[in-house]
Amino acid sequence: MNNTYEAPRRLIKSAEDIEKMRIAGRLAAEVLDMIKPHIKPGVTTLELDTICHDYIVNQQDAIPACLGYGAAPGRPAFQHVICTSVNHVVCHGVPSDAKKLKKGDILNIDVTVIKDGFHGDTNMMYIVGEDTSILANRLCKVAQEAMYRGMEAVKPGATIGDIGNAIQQYVEAERFGVVREYCGHGIGTVFHDEPQVLHYGQPNSGMILEEGMTFTIEPMVNAGDWKTKTLGDKWTVVTKDHSLSAQYEHTILVTKNGLEVLTARPEEDLSRFQK
Ligand code: MF3
Ligand code: CO
Ligand code: CO
């Protein structure tokens, strides 16, 4: 007896599905590269949202998945294309013409596009004005490495718990907090599918990974405590203790020997995953 379980067959992508996931993933990654030169002191997060909207719709001929997504009892649908999460905002920051970026801010942009029915979901940190505090800089580095540590645990036969455990061990050794309330997710024709990919947990627990599964790994790392709260707009998630927060996200495919990063950016060093 163990505390692991097998994936439902529908979570295993066909060769045709995988080809479409590669395209959706590449488009999402291209948005993050495209927006980089626009991130400067004085720009508003709504201006960045508009640029991404026009690029996705007009250049990529794709669908922005977040626009109109996520209505729930007591919560309106999200009305933008990207999430813009600045400083102590953990995730789901709402683009606004009142939010002007300043030098030293740390900004996460999270984008999801749909192409040919399939989703690509990715996010990264940007340092506004290319200079920030030593703490903010280290936090961003640790969040990215946390994602990579989780990715290193991915191979057929490993479990979802192995991923979360690798992330939690690393982040806590750095004396930062890893957010519990939000997690990675299966992805394909469905935006947020099974399994839930927790960024903490026990080894050898949860769903067993199989070749052909696609999911995101997207740890949120807080400079202080892991606890969060949601603001009155029902979307913006902030750290409870007002400490800084950083996040990185990739959409990945489980392969025979490890994984393929579907949302890789050309300049990103992913050599440790090439086997
Ligand atoms: N892209 C986010 C994720 O990584 C989800 C954002 S949902 C939105 O899962 F509605 F806030 F955009
Ligand atoms: Co995302
Ligand atoms: Co996601």
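# Reading metal sites, cores and ring pairs

Trainee: Which residues are the protein donors of the cobalt ion (ligand 3)?

Mentor: The protein donors are D121 (OD), H185 (NE2), E218 (OE) and E249 (OE), which lie 2.1 to 2.2 Å from the ion. A donor is an N, O or S atom within 2.8 Å of the metal (3.2 Å for Na, K and Ca), and sites may look incomplete because water is not among the atoms. Please note that this is a predicted model, in which local features need pLDDT of at least 70 and side-chain atom pairs count only at pLDDT 80 or more, while totals for chains, interfaces and linings use all residues. Residues are numbered from 1 along each chain as its sequence is written, chains are lettered from A and ligands numbered from 1 in the order in which they are written, and side-chain values use heavy atoms, with hydrogens and water left out.

Trainee: Why is the arrangement of the donor atoms around the cobalt ion (ligand 3) irregular?

Mentor: Ideal angles at a metal are 109.5 degrees for four tetrahedral donors, and 90 or 180 degrees for six octahedral ones. Four donors count as tetrahedral if all angles lie between 85 and 135 degrees; four count as square planar and six as octahedral if opposite donors are over 155 degrees apart and all others between 65 and 115; anything else is irregular. Here the six donor atoms subtend angles of 52 to 160°, so the arrangement is irregular. The spacing of the donor residues in sequence is D-x63-H-x32-E-x30-E.

Trainee: Which residue bridges the cobalt ion (ligand 3) and the cobalt ion (ligand 2)?

Mentor: D121 bridges these two ions, which lie 3.3 Å apart. Helices (H or I, at least four residues) and strands (E, at least two) are DSSP runs, numbered from the N terminus. The cobalt ion (ligand 2) is itself coordinated by D110 (OD), D110 (OD), D121 (OD) and E249 (OE), at 2.1 to 2.4 Å. Its six donor atoms subtend angles of 58 to 169°, which makes this arrangement irregular as well.

Trainee: Are D121 and E218 buried or exposed?

Mentor: Buried means under 20% relative accessible area, exposed over 50%, and partly exposed in between (1.4 Å probe, protein chains only). Both D121 and E218 are buried, and E249 is buried too.

Trainee: How many residues does the largest nonpolar core have?

Mentor: In soluble globular proteins, nonpolar side chains tend to be buried together. A nonpolar core is a set of buried Ala, Val, Leu, Ile, Met, Phe, Trp, Tyr and Cys residues joined through side-chain atoms within 4.5 Å. The largest one in this model has 61 residues, and M151, I163 and F215 have the most contacts inside it. Its largest share, nine residues, is supplied by helix α3 (residues 134–152). Another core lies apart from it, with seven residues, including A65, C66, C83 and W235.

Trainee: How many aromatic pairs does a search of the whole structure find?

Mentor: A pair of aromatic rings is described by the distance of the centres and the angle of the planes. Rings of Phe, Tyr and Trp (its six-membered ring) pair if their centres lie within 6.5 Å; planes under 30 degrees apart count as stacked, over 60 as edge-to-face and the rest as tilted. The search finds three such pairs. In one of them, the rings of Y69 and F191 have centres 4.7 Å apart and planes at 50°, so the pair is tilted. Y69 is partly exposed, with a relative accessible area of 32%, whereas F191 is buried, at 7%. Y148 and F273 also form a tilted pair, 5.8 Å centre to centre with 55° between the planes. Y148 lies in helix α3 and F273 in the segment after β17 (259–261), so this pair ties together parts 125 residues apart in sequence.

Trainee: Where is the charged end of R180?

Mentor: A charge sits over a ring if NZ of Lys or CZ of Arg is within 6 Å of the ring centre and within 35 degrees of the ring normal. The charged end of R180 sits over the ring of W226, 4.6 Å from its centre. R180 also lies over the face of Y200, at 5.1 Å from the ring centre.

Trainee: Is the peptide bond from E194 to P195 cis or trans?

Mentor: Most residues other than glycine have a negative phi, and most peptide bonds are trans. The bond from E194 to P195 is cis, with omega near -5°, and P195 lies in strand β9. D61, although not a glycine, has a positive phi of about 55°. D61 is exposed, with a relative accessible area of 60%.
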